[in-house]
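Reader: I would like a close look at a single part of this structure, with the cut-offs behind each term stated, please.

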Amino acid sequence: GTPFRFFARGGQVNKVIIDFAGGGACWDEVTCSVAGAIFQEKAPDEASIKAAIEMNFLSGIYDQTNEDNPFKDWFLIHIPYCTGDIHWGNSTHEYKDGLTIEHKGYVNTQSAMNYLKEHFPNPEEVFITGCSAGAYGAILHSTTVAQEFPEAKMTVLGDSGAGIITDEWFADSFPNWKAEEALPSWFELPGGTVEGLTIVDVYSEIANYHPNARFAQYSTAFDSNQEFYYTAMNGDASEWGGKLITTLDDIVAETKNFTYYVTPGEVHCITPYSIMYTSPATGPS
């Protein structure tokens, strides 16, 4: 119930990064009862963000002093995350007495989108990204950006949010989040319901609807964080790596403007960290 806040950083060129924060998720009584452990329940304040910058906790796309950073002169809008719904929700859901979660990620994002439209009426280029849960915010809200700025060059990078889920997970989570309301009106749900929805559907529908935009995913081959959440969905962590490549290949097969890059290891996320400049140059695509 606390006020939502987002952050904007100045730049030198008519180009904008829209960056969705990560922070886990919750979708049932068990996962939503452990706020702070499985999902981030508070958005950072200005002092926290400034402290992170001053202590060099934020590097990667945020580092304006690194000449190797292709985004060092770009404006940046950072959208925090505190709703447990991968930036997709529009629901106040009571899981039990004393446990009510404000799944308002979609609503919160609209405030940042309104700011974007007001301050950047004609950007030359827009880069939409997000680490972990933020990767899902990036892909869903990219369609809003594409339709608002049809002349801008748009690139979407989902960082370590591959969407490897159990068969029942969408059916379990979406009704609680009311996230189906966040899907664009032209989006065709498989079978007309969310029960059979997959991340392949999400990426392929959006990428094919916006053929002039570029879409991509990054992940490590044994991402320990993504394996953890797959286990929390009652999945077998040993299956995760195989499902990762199959899922990414399926998106490639369904689209002409999507690619992916998988590196060795189990590190979670690359865009906020200095490893963005040193990660091994290997991957299947």
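This is a predicted model: local features need pLDDT of at least 70, side-chain atom pairs count only at pLDDT 80 or more; totals for chains, interfaces and linings use all residues.

Author: Residues are numbered from 1 along each chain as its sequence is written, and side-chain values use heavy atoms, with hydrogens and water left out.

The part in view is strand 6, residues 125–131, where strands (E, at least two residues) and helices (H or I, at least four) are DSSP runs numbered from the N terminus. Seven of its seven residues are buried, so strand 6 is largely enclosed by the rest of the structure; buried means under 20% relative accessible area, exposed over 50% and partly exposed in between, with a 1.4 Å probe and protein chains only. In a regular strand the side chains alternate between the two faces of the sheet. Here Glu125, Phe127, Thr129 and Cys131 point one way, whereas Val126, Ile128 and Gly130 point the other way.

Strands count as paired if DSSP finds at least two bridges between them. Strand 2 (residues 15–20) pairs with strand 6 in the parallel sense over six bridges, and Phe20 stands opposite Gly130. Strand 7 (residues 153–159) also pairs with strand 6 in the parallel sense, over seven bridges, and there Asp159 is the bridge partner of Cys131.

Together with helix 4 (residues 133–148), strands 6 and 7 make a right-handed β-α-β unit, right-handed meaning that, with the strands pointing away from the viewer, the path from the first strand over the helix to the second runs clockwise.
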